[in-house]
Amino acid sequence: MNSQEAWEKQKNIFEYYRKNNPELIECRKRRKEEDVFKEIGIWNIPQNRPEGYIRRFFYDFLVEEKTQSNRVIKINKINNEVEGEFNEKNKTLYASMIKIGLTTTTAAERVAKLLNLKSNIGFAGLKDEEAITAQEIALHKVNLTPEEIGKIKIPGVLLTEFRYGEKTLRPGYLDGNVFSIAVRTKEKVDLNILSARLKTIENYGILNYYQSQRFGGIRLDSHKIGKLILQGKYELAVKFLLFKTNDYEMPLIAKLKKEGEKEFPNFEKVIKIFNELPYSFYQELKVLNYLKDNPNDFIGALREIKESITICIYAYASLLFNKLLSIYSKKNGCFGEEFPLLMSNDPKDHIIYRDFLEEDGTVNFLKNIYPLKFIYLAKRKVAGRVFPKDIKFKEFDGGVVIKFFLQKGSYATTFLSHLFEISEGAPIPRWVKETEIDPKILLGEGDLKELKKLFKDYWNIKIIS
């Protein structure tokens, strides 16, 4: 079952539960911001911020990629024109990919399947799932014309703005992202205070923390899996991935995990249980199907989901970066400094994290990731402070829309957390107004009317994950 088939099946299952057992798909508890920050190593953030809620609807969170050639991939720019033509030099077909409610990898998988592509789709960065996003992708060895592609319906995805060119796209081949985000607020926004805070940010920047998305979102477990792997505890990492529950995830998911854990290592039975939600357990089912044929090969099981495991390992490295930045900035302010990441091929870059590694029992992390074979080490430094650009905002009934540009590798939610005490997910605070808005109209940048027609099945879905 591919991800699209899993999503379709699970959508119908959720409809059943909404009608018959809604309490099983409604989260009852939300982490406080201070608890999230403590979990992911953020200790130095402005105090006394007003409460704000994000991602009530997909259109509350818009992301538009800015390419290395300084071109912004617009969410509301949709046309059938084709730039250039296929020839011996320009063999790659580029397109703007607009998606809603999907990860970049899932969207790319759907595109590849429906276009019958034999090679990987190139893209420069991963975009938010619970959002509407626009980014450039590169299609190789595609046998269809742009006109033919335009007639193919891809659930949750729109391909537009085609052009022919050379080479491909790889991770990091972008300048950054333009965000337009609706923050639904508990109290009416004091525009004078907001304006003053934004001016301060423009002048002095923000601490460049990795945010909760890097650590698994609501579950906040990616870094914990990464830590177990870096400790060499591969079996524990697999079991954590499969069965670890918390008070903040969907009760139905927690219920199925507990049922599955009781049956482990009867892989057939666990697979049957997890197939109740094949999309939510898509990665877990890959692991279980491998273990069914290779019961004790936990390293091999991790290799089955190498993209997810890479994220987990980098999440642990991000935790150490956050801790380092919190401690350093509290003492020194942090202006202009850059810090190396743990996943470097230069041993000198590991020294700065030595105390954390000893405390966590991960000193031998290089030895322990070697059997995975797919972790790429590279020297990279990250700025301790970044400067959002081109900031503008507009008030609406129930909150404010803020637009800004961030360089690649920086988080929009980090910027917002310097302004608001941010929350998202379920349960939804009672004070959140569900006013339907069009961020583009509010910002004076056109509208989302055409996109609303194309994505009508997604438009008024209330995000509760």
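Biologist: At what angle do helix α6 and helix α7 pack?

Modeller: First, this is a predicted model, where local features need pLDDT of at least 70, side-chain atom pairs count only at pLDDT 80 or more, and totals for chains, interfaces and linings use all residues. Residues are numbered from 1 along each chain as its sequence is written, and side-chain values use heavy atoms, leaving out hydrogens and water. Helix α6 covers residues 222-230 and helix α7 residues 234-243, with axes 7 Å apart; the axes are lines fitted to C-alpha atoms over the stretch in contact, and angles run from 0 to 180 degrees between N-to-C directions. The packing angle is about 165°.

Biologist: So which word describes the direction of α6 relative to α7?

Modeller: Angles over 145 degrees count as roughly antiparallel, and those under 35 as roughly parallel. The angle here is about 165°, and therefore α6 is, relative to α7, roughly antiparallel.

Biologist: Is Ser-180 buried or exposed?

Modeller: Ser-180 sits in strand β8 (residues 174-185). Buried means under 20% relative accessible area, exposed over 50%, and partly exposed in between (1.4 Å probe, protein chains only). Because its relative accessibility is 1%, Ser-180 counts as buried.

Biologist: Which residue in β14 is the bridge partner of Ala-182?

Modeller: Strands β8 and β14 run antiparallel, joined by nine bridges; two strands pair if DSSP finds at least two bridges between them. Strand β14 spans residues 399-407, and eight of its nine residues are buried. Lys-394 stands opposite a residue of β14, Val-401. The bridge partner of Ala-182 is also Val-401.

Definitions and conventions
Helix = DSSP H or I, 4+ residues; strand = E, 2+ residues; numbered from the N terminus. Parallel < 35°, antiparallel > 145°, perpendicular 65-115°, else oblique.
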